[in-house]
Amino acid sequence: VPELSLNAKVVRMERERWRLLAAYTLTWFAWQAVQFEPVHALPVLRDFSPRTLNLGSLAVWCATVVWLFSFMVRVRRDKTLRGVLNDELNRANRQRAFMYGYWAVVIGLGVSIDVTVLWHVDAFALVRTLLMIAVSVPLATYLWFDRSPGR
Amino acid sequence: VIVLKNRLKELRAAHGLTQADLADKVLVSRKTINTVENGVFVPSTTLALKLATALGCAVEDLFYLGAETG
């Protein structure tokens, strides 16, 4: 097997990281979403019990966590590769994505306060929604930045 | 508005290097080189120095201040 150049390795690992984070975001969002009762009424999910939906989505999310750890172990083995994958453009994208997440949570909190003043809302559902925003928004924006370097 | 501009593309081409070659030399991704060339990403002083060293020129030859166009 011919040895890949550093750039070829980086491109391959960047693609895998993108797919991995996209899968992680989607499966995590899905796992949280199935905790809400109205989601169970969706035509595609109607035939499954809430317990099956919960355990099924948790299992799929756990599979992406295993993939994430395996990716991290492979990256850690090669110091140069790790440095290139986490270069300053990547770090800047990550920082910007965290800022988007921060503001999304702040806006979410502001909206929650208004909503709870007007209607009775389950506190647990509210916290879960905020958690979904806090995790999904930075990851999704990071994926967007990573795919659109000419933004 | 004064912005940071660069001659990275022309100096890289003068050395017969591709974006990937230059990326390998300074240990960043090809995407980073691309975004610096297009003026989308402003590199740190460290990366600017590394790029200048890799291309055998001074940082001032590579980066300069210019008026924003378009």
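At what angle do helix H2 (residues 19–26) of chain B and helix H3 (residues 30–37) of chain B pack? The angle is about 110 degrees, and the axes lie 8 Å apart. H2(B) is therefore roughly perpendicular to H3(B), a term for angles of 65 to 115 degrees. Axes are lines fitted to C-alpha atoms over the stretch in contact, and angles run from 0 to 180 degrees between N-to-C directions. Helices are DSSP runs (H or I) of at least four residues, numbered from the N terminus.

This is a predicted model, in which local features need pLDDT of at least 70 and side-chain atom pairs count only at pLDDT 80 or more, while totals for chains, interfaces and linings use all residues. Residues are numbered from 1 along each chain as its sequence is written, chains are lettered from A, and side-chain values use heavy atoms without hydrogens and water.

One cavity of 30 Å³ or more is counted; a cavity is a set of points on a 1 Å grid where a 1.4 Å probe fits but cannot get out, and lining residues have an atom within 4 Å of a point. Its lining includes A:Arg17, A:Asn90, A:Asp146 and B:Lys31.

| Property of the largest cavity | Value |
|---|---|
| Space | About 60 Å³ |
| Largest share of the lining | H5(A), three residues |

A:Asn90 belongs to helix H5 (residues 88–118) of chain A. A:Asn90 is buried, with a relative accessible area of 4% (buried means under 20%, with a 1.4 Å probe and protein chains only). Beyond its neighbours within four places in sequence, A:Asn90 contacts A:Arg17, A:Leu85, A:Tyr142 and A:Asp146 (heavy atoms within 4.5 Å).

Definitions and conventions: Helix = DSSP H or I, 4+ residues; strand = E, 2+ residues; numbered from the N terminus. Parallel < 35°, antiparallel > 145°, perpendicular 65-115°, else oblique. Buried < 20%, exposed > 50% of the residue type's maximum accessible area, 1.4 Å probe, protein only. 1 Å grid on protein atoms, 1.4 Å probe; cavity = no way out; pocket = protein on both sides within 12 Å on 5 of 7 lines; lining within 4 Å. Points joined across faces, edges and corners; volume = space filled by probe spheres on them.
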